[in-house]
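Good morning, and thank you for coming.

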Amino acid sequence: MSIPRFRTSINDYLEGLPEPVLIRLYYSPATCLAIFRLLPAMAQLFIMTMLFNDKPLAATDLNGWVQDGSSTKQYEALEKLRGMHLIKESQGTLSLQKTFRAGLRNALTGGDHNDSFGIPCNTEDKHRVDIKFLDEHANNQWELILHFMVGTDTGKVPNNGVLSLLRHSGLMEGSTPSNMRITNAGFQFLLQDVNAQIWTLLLQYLNMSEDLQMDAVEVLHFLFMLGSLELGQDYSLVALSPTQKIMLDDLRDYGVVYQRKSSSRRFYPTRLATTLTSDTGALLTAAASMDSAISQKELETGFVILETNFKVYAYTDSPLQIAVLNLFVQLKSRFVNMVAGQISRESVRKALSNGITADQIIAYLTVHAHPQMRKSIPLLPPTVVDQIRLWQLEMERMKIVEGYLYSDFSSKNEYDIIAGYAHDLGVMAWEKSNKRMFFVTKEGNQQIVDFVRRKVHGGA
Amino acid sequence: MNAVDGSSHVPQAGFASELEEELPSLLVLILDTSPLGWGAQSPAISLHEAVASLLIFINSHLALNHSNEVAVIASHTNCVKYLYPVPGEDYSKLVPKSTATSGTESSEEMITNVQSNGDNGTLNDASMYRQFRVVNESVMKQLELLLLGTSASDIEHNGKISDATLISGALSTSLAYINRLVGGVNDNGPKVRARIMVVSVCSDLASQYVPIMNCIFAAQKMKVPIDICKIGNDTVFLQQAADTTGGVYMHLEHPRGMIQYLMTAFLPDRALRKHLIIPTQSSIDFRAACFCHNRIVDIGYVCNICLSIYCQPPADGSCAICDTIFDPKELAELLKKPVVVTTTVPKNKTKKKKKKDSDATPTFAPAL
């Protein structure tokens, strides 16, 4: 599912940060809350028990609490906590990292006045916008980028900032807007779901910003703050640091925030921002049932039906989605609200040769599955899933290794010595000792040649 | 090639439970606001402190997942009131207000702040996640209104002051709320997992036996676990509620440490509970209350048609619930008490033959 995937990428990034940087991150309650939400459920529970308990928790207590069959979950949770430096262990007891504990407590109780959750604007906005406008705006900006990647001719080109980000992240290559081509990584990016896509871009932005001398901690603070903002409310720029103000301009291009013009003193987060730290599942299920204000957009609901006879029916009219489907489905007919096609060997091979993996195709189909599909367990028909994987295996029938073949040894002894040396070096790719020939990789060949020369010159 | 075989890599039950873990959860909190009940707990814990702990608990529930939801219902002596969400109030409208006045605040100070700030007090404060703040302030404000509006007559039941609360009303209200929100289990599977949690201080619920049992069975059908957090004395039917629906029953020994009890035992939701060993009461008081006098009985009489429980056979010979007329002879059999027979030994041993007729074997009727 996509949820672990986007979590893993932001988690990987966070775990890759050194401890002092993480501790600086934990000063802001909004960041603590956002990071807390990214953790797996059991880790969240462990933190909650230790939050208000001043004494450290004994590790044996934890073991006694978790059922025997679920010790893997416990282990994973503890690993995750250790990786983010959230717990400190000493003499068999666990205790929470102090800054994080204070930050999370403040987040829960609202104490310790700080501006980490975004300062709403006090004054009325003369050009107030509503949620529908924000949704459309976000949709347009985001699809602009995606359309540009896919190559549909919309006539509009994203900003230079966006283009440089795409180039930098390896999603597209080329120097001018007119000759930019999508790369393999870009294809894979297209198949991810919205949340994962945004995080991919934002992580690239983070990497870029370190080169630009922007403080990664501030960038992260701003991102996590965005995740906790309320849709439809305008926020003031007062509390933002200069770094964060620069970020605001860039985020405008991605459609994450809306600002009427760059000198405006207020900004509105869009749905892309508010769902930064939530799961996609939230958009599909609970939000739809509990909050009637959400309009049904293709971004957010499943629309693909996959049958056991490999036929695909997609209830969408968005050119973007159709273009993405076209990558691996052979589309046969198009109606006002639906396109129909079939997954065939040719279509899948075309996708595979573009660098898309079978897993990504399957993940895409799973995420965008029509709610009717959820009736069946498993979600996708196993025949189709297996067949896609088999087609991928077909591409991997042959593996090519460049190198040199050694044969025609004069004596068994000689063969044994040289083959043994090659084997010890680890450069031997293949050998057939009864025919006295072996195959060495290209890189290792030089060493074998030197060895043989030494032997010949050195005697015997 | 074996690795591609469908059966092994296609998750069966695992997939369903993974999906369940990703489902957001709805927590309905029923707070017992009987003034007398809380007054009786007063050295150990006050309503003020308990509400503070509960607000933090609610915030942590909301913190677990972006789309978790909560509802708070107050079960008062003679009415049931929604503390959040209040029907008719629109939480998406924010009233622009001058910048917040709060300095360092804990939720206890928030209680006093709401009392002094009035409406929409500090909704726009940047120091607290807005979702938390909306819930907390609504709960505090409504609770205050409720308590201020209680008069002495409301606390009385049958003319005497009691600490009874309308738990049955609160349970039915919450089940109806859950039903409305979850919308029943449709083809696509349940979209939200709901559970009910009751914080109770009252001691006697015998008068509400029938409605409470009905609510318990309804909750069982809807697969909604009912957790009970009990402060004070144990109450008979709440244990059964937790046991039947698969919830957690905890009697707080040290009410001061309420927040820790809440975080450890009550915070994990259904999906997580499968992996944990949750502390709950194992010995359950399965007594029932009779339908005629609401007395708690261990052994009683049961109508064989509708299974309603009586402490003694009904006086008019028919079941009050299903109007079955009982056979009067059978009833008489049941009402028979053992006859005590006095035997007099004849003084004159020679007159052995004289035996009293009443020296018959005493008739035993099965007592109770």
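Chain B has an accessible surface of about 18,300 Å², and 56% of that surface belongs to carbon and sulfur atoms.

What we are looking at is a predicted model, in which local features need pLDDT of at least 70 and side-chain atom pairs count only at pLDDT 80 or more, while totals for chains, interfaces and linings use all residues. Residues are numbered from 1 along each chain as its sequence is written, chains are lettered from A and ligands numbered from 1 in the order in which they are written, and side-chain values use heavy atoms, with hydrogens and water left out.

Let me turn to the overall make-up of the chains. Chain B contains 12 helices and 12 strands, and chain A contains 22 helices and 15 strands; helices (H or I, at least four residues) and strands (E, at least two) are DSSP runs numbered from the N terminus. Of the 368 residues in chain B, 48% are buried, and of the 460 residues of chain A, 52% are buried. Here buried means under 20% relative accessible area, exposed over 50%, and partly exposed in between, with a 1.4 Å probe and protein chains only.

How much of the contact set in chain A, at a separation of 6 or more, comes from residues 24 or more positions apart? The share is 65% in chain A, and the corresponding share in chain B is 67%. A contact means heavy atoms within 4.5 Å. Along the principal axes, the C-alpha atoms of chain A fill a box of roughly 95 × 65 × 50 Å.

Next, the aromatic side chains. Over all chains there are 17 aromatic pairs, where rings of Phe, Tyr and Trp (its six-membered ring) pair if their centres lie within 6.5 Å, and planes under 30 degrees apart count as stacked, over 60 as edge-to-face and the rest as tilted. In one of these, the ring centres of A:Trp199 and A:Phe224 are 6.3 Å apart and the planes stand at 45 degrees, so the pair is tilted. A:Trp199 belongs to helix α11 (residues 194–211) and A:Phe224 to helix α12 (residues 216–227), both of chain A, and the two residues are 25 residues apart. A:Trp199 is buried at a relative accessible area of 1%, and A:Phe224 is buried at 1% relative accessibility.

The rings of A:Tyr421 and A:Phe451 make a stacked pair, because their centres are 3.8 Å apart and their planes lie at 10 degrees. This pair ties helix α21 (residues 412–425) to helix α22 (residues 442–458) of chain A, joining parts 30 residues apart in sequence. A:Tyr421 is partly exposed at 25%, whereas A:Phe451 is buried at 12%. One aromatic cluster is formed by A:Tyr406, A:Phe409, A:Tyr415 and A:Phe438.

Finally, the sheet. In chain A, 3 strands form an open antiparallel sheet in the order β6-β8-β7; two strands pair if DSSP finds at least two bridges between them. β6 (235–236) and β7 (257–258) of chain A are at the edges with a single partner strand each, so one side of each lacks a neighbour in the sheet. β7(A) pairs with strand β8 (residues 266–269) of chain A over 2 bridges, in the antiparallel sense, and A:Val257 stands opposite A:Pro269 in β8(A).

Definitions and conventions: Areas by Shrake-Rupley, 256 points an atom, 1.4 Å probe, with all protein chains shown as cover.
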